[in-house]
Amino acid sequence: MSIPNTFRLPFETEPSMEENEYEKAHLAIIFDRYKDRLTTFPKEKGWISETLYMYHGFWHLSGGVYSIETMMALQESFKAHPTDIYLVTLPKSGTTWMKALMFALVNRTRYKNNCRLTHPLLIFNPHKCLPFIEPEIYRKTPTYVDAHQPRLFATHIPYTLLPQSILDSGCRLVYMCRNPKDVLVSLFHFTNKLRDKSRGIMTFEEAFEMFSNGVMPYGPHWDHVKGYYNANLEHPTRILFLTYENMEKDTMNNVKRLAEFLGCPFTKKEEAEGAVEEIVKICSFKNLKEVNKHGNLRDDVPNHTFFRKGKVGDWSNHLTTEMSYILDQIVKEKFEGLDISF
Ligand code: A3P
């Protein structure tokens, strides 16, 4: 795989003031375009946002960059390239970790032995290094120059709602899911860090109730997972299906597997020189948490909110036996016949 030296990275192209104005205006046009349709969708109280809207079986945010409106705009005009690679997750399933790993793997030769270039993951939030697709729909200047391949993007969009061009282009998708109980706990903490103080603190009972009813951004959890699980069965060479738990248990082998899937397998020489360990280390929870202690990703979202505990099984410190039983029953029923375990 060749990576042109001229390619731009999202953090190298912070929009100018003029671009910012253009983008704000374009985003407003998108919101306006779909506002009447929005009134016809079922609604529920949201987690961080006031409201979630149900569209084609999934709950969506509205009125922001990651919203039902930008998703519909993407569906209408986003153009995927066959060489693109998309990371897909539900929120709080390890998106930030996977963004770091995919970015570090694909760009590893660029930063290796180059003392003039500090590795971006030692300075920036992984979200700056591997962008979500939504802003592409209203950006004045696309994130990547044409010659750059592969373009790496992320999204939370459910499989059945992906822009058709992603499905038709034959590009690759990496899907990572996580034990729903840990997703619930992680989302609960994230919500209380970020939601407007005027809405008060969310209780864990409230979070559990919403989650077990399937109400979370891009949820129900199980339907999102099932969509990509089945797609992986249908297109095993195009979709890589990973779990956070397995990634944590055997990081080295999974990172090697990921590199192969991304088209940049480790050479024997690299392995012997410890290149896999290096990538695992730079993307480790410990390193990323340290780098992201300060600063904001955007507006009022501090970098540190993406790094809490980074553990498997923290749910046992939050769920009662009864809550755990209820979620187990739901998940058992929803995943019946599927070989998914966390
Ligand atoms: P916890 O809240 O359980 O700690 P997302 O990136 O999808 O928003 O997911 C956030 C979750 O991933 C948080 O889980 C966060 O701590 C964890 N996380 C972030 N970086 C990680 C890393 N490098 N390794 C493992 N887990 C990580």
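Among the residues considered here, Ala, Val, Leu, Ile, Met, Phe, Trp, Tyr, Cys and Pro count as nonpolar, Asp, Glu, Lys and Arg as charged, and the others, Gly among them, as polar. On this basis, the shell around the ligand divides into 7 nonpolar, 7 polar and 4 charged residues. The structure described is a predicted model.

The ligand has 18 residues around it, of which K92, T95, T96, S186 and K309 come nearest. A backbone N or O atom of S93 is found 3.1 Å from an oxygen atom of the ligand. For G94, a polar backbone atom likewise lies 3.1 Å from a ligand oxygen atom. A nitrogen atom of the ligand, in turn, is placed 3.2 Å from a polar backbone atom of F285. On its own the ligand has 570 Å² of accessible area, and the protein covers 97% of it. Two or more residues of the shell are given by each of the elements α3 (95–106) and α14. The most is given by α3, with 3 residues.

K92, one of the residues that come nearest to the ligand, is located in the loop between β4 and α3. Its backbone has a phi near 70°, a positive value in a residue other than glycine. With a relative accessibility of 14%, K92 counts as buried, because buried means under 20% relative accessible area. The charged end of K92 sits over the ring of F190, at 3.5 Å from the ring centre. A further lysine, K99, lies over the face of F132, where the distance to the ring centre is 3.6 Å.

A search of the whole structure finds 17 aromatic pairs. One of them is formed by F78 and F153, with 6.2 Å from centre to centre and 80° between the planes, an edge-to-face arrangement. This pair links distant parts of the chain, as its members are 75 residues apart. F78 belongs to the loop between α2 (68–77) and β4 (85–89), whereas F153 is in strand β5 (residues 152–155). Both F78 and F153 are buried.

A second pair is made by F285 and F307, whose ring centres are 6.5 Å apart. The planes of these two rings meet at 55°, so the pair is tilted; an angle over 60 degrees would count as edge-to-face and one under 30 degrees as stacked. F285 is partly exposed, at a relative accessible area of 30%, while F307 is buried, at 6%. F285 is also the residue whose polar backbone atom lies 3.2 Å from a nitrogen atom of the ligand. Elsewhere, one aromatic cluster is formed by Y159, Y175, Y228, Y229 and F241.

Q149 and P150 are joined by a cis peptide bond, with omega at about 0°. P150 is placed in the loop between α5 (126–129) and β5. The peptide bond from G219 to P220 is also cis, and its omega is near 5°. P220 lies in the loop between α8 (204–212) and α9 (221–234). The loop between α8 and α9 also holds Y218. Although Y218 is not a glycine, its phi is positive, at about 70°. Y218 has a relative accessible area of 4% and is buried.

At 32% relative accessibility, I326 counts as partly exposed.

Technical notes: Residues are numbered from 1 along each chain as its sequence is written. This is a predicted model: local features need pLDDT of at least 70, side-chain atom pairs count only at pLDDT 80 or more; totals for chains, interfaces and linings use all residues. Side-chain values use heavy atoms; hydrogens and water are left out. Rings of Phe, Tyr and Trp (its six-membered ring) pair if their centres lie within 6.5 Å; planes under 30 degrees apart count as stacked, over 60 as edge-to-face and the rest as tilted. Helices (H or I, at least four residues) and strands (E, at least two) are DSSP runs, numbered from the N terminus. Buried means under 20% relative accessible area, exposed over 50%, partly exposed in between (1.4 Å probe, protein chains only). A charge sits over a ring if NZ of Lys or CZ of Arg is within 6 Å of the ring centre and within 35 degrees of the ring normal. A residue is near a molecule or strand if one of its heavy atoms lies within 4 Å of it. A polar contact is a pair of N or O atoms within 3.5 Å; within protein, one must be able to donate a hydrogen and the other to accept it, and residues adjacent in sequence count only if both atoms are side-chain atoms. Accessible areas come from the Shrake-Rupley method with a 1.4 Å probe; for residues, only the protein chains shown count as cover.
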